[in-house]
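My notes follow the structure.

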Amino acid sequence: PYSLLWAVRSDGALLSCALDRKQVVSGWSRHDVGGVVESVCCVPGVGADVVYLIVKRTVAGSQVRYIERLEFTTQDTHLSARNLMQLDCGITLYNGAGSTTWTHPNLPATDVGVLADGLYLGTYTTNGSGQITLDRTAYSVQMGLPFVATVVPVTPVVDTGSGPSVGQTMSTSHVWLQVLRSGPMWCNGELIPFANFGDELLDQPQKLFSGFVDVAAEGWNDGVSDITLEHRLPFPMKLLSIARTLTANAG
């Protein structure tokens, strides 16, 4: 149901093409999974096709191959899974009694991002057995390779009193983003203030945000309206629309 075409380049890069035939839209993206993708396939699943990859990775100085699955989680499941893990080569572990010691057997001697009970704890380095020790007891832990996702929308072309905006000096004063169940995001290097603050929110899972957010921007650029959106933490980023206040000056 996602209208995505998956492909693998000869150099091991994973590509996707989003298709919307009614709107006559297609858009390609490249996905860096921290390794070389040798094969991709889609097989029927419950409610949606399931995407599997064969990925060649260098782990602890050795080359290994893993069969990995792309997970398109759309609903809350269990504990930290409600925040929909965004980590490559990631796994979800449970311990009903709670523990401070957790193991990712496929990523020994590797820097991994860690979510514990829905809280992002940062980056840990596993030992030779893939084990880490947390500073607190956790009941559900997600571990995997962190990544940064980047969205760079194209500069719009609009009519002005002196002709099309192409080539004119431009200023972007505001950016409005519409997001759905998203975690922290960055716009042009600045953290977007989704989160609420207060004592009652301490040591609680990251709350996902839905709605519109207004991001102030400033500065003039020749012929471009640069906006760079980044997803730096292992939480979802579901971006539905982008609008901006743009001033063009033929000067």
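I call a residue buried under 20% relative accessible area, exposed over 50%, and partly exposed in between. The model is predicted.

I began with Glu68, which has a relative accessible area of 12% and is therefore buried. Its side chain meets that of Arg57 in a salt bridge, 2.8 Å from N to O. Arg57 sits in strand S5 and Glu68 in strand S6, eleven residues apart. Arg57 is also buried, at 3% relative accessibility.

Next I checked the sheet. It is open, has three strands in the order S4-S5-S6, and pairs antiparallel. S4 (36–43) and S6 (62–70) are the edges; each has a single partner strand, so one side of each lacks a neighbour in the sheet. I noted an average twist of 20° from one strand to the next. Seven bridges join S4 to S5 (residues 50–59). Val37 has Val55 in S5 as its bridge partner.

I then searched the whole structure for salt bridges and found five. One of them joins Arg65 and Glu38, with the closest N and O atoms 2.8 Å apart. Arg65 is in S6 and Glu38 in S4, so this pair ties together parts 27 residues apart in sequence. Arg65 is exposed at 52%, while Glu38 is partly exposed at 36%.

I also looked up Arg136 and Asp117, whose side chains form a salt bridge (3.1 Å, N to O). Arg136 lies in strand S10 (residues 131–145), Asp117 in the loop between S8 and S9. Asp117 is buried at 14%; Arg136 is partly exposed at 23%.

Last, I turned to the surface. Leu5, Leu19 and Trp28 form a nonpolar patch there, with about 300 Å² of accessible area together. Trp28, in strand S3 (residues 25–31), is exposed at 53%.

Notes:
Residues numbered from 1 in each chain as written. Predicted model: local features only at pLDDT ≥ 70, side-chain atom pairs only at ≥ 80, totals over all residues. Heavy atoms only, no water. Patch = residues over 30% accessible without salt bridge, like charges linked within 9 Å, V, L, I, M, F, W, Y side chains within 5 Å. Areas by Shrake-Rupley, 256 points an atom, 1.4 Å probe, with all protein chains shown as cover. Salt bridge = Lys/Arg side-chain N within 4 Å of Asp/Glu carboxyl O. Helix = DSSP H or I, 4+ residues; strand = E, 2+ residues; numbered from the N terminus. Buried < 20%, exposed > 50% of the residue type's maximum accessible area, 1.4 Å probe, protein only. Pairing = 2+ DSSP bridges. Axes fitted to C-alpha atoms, helices over the stretch in contact; angles between N-to-C directions.
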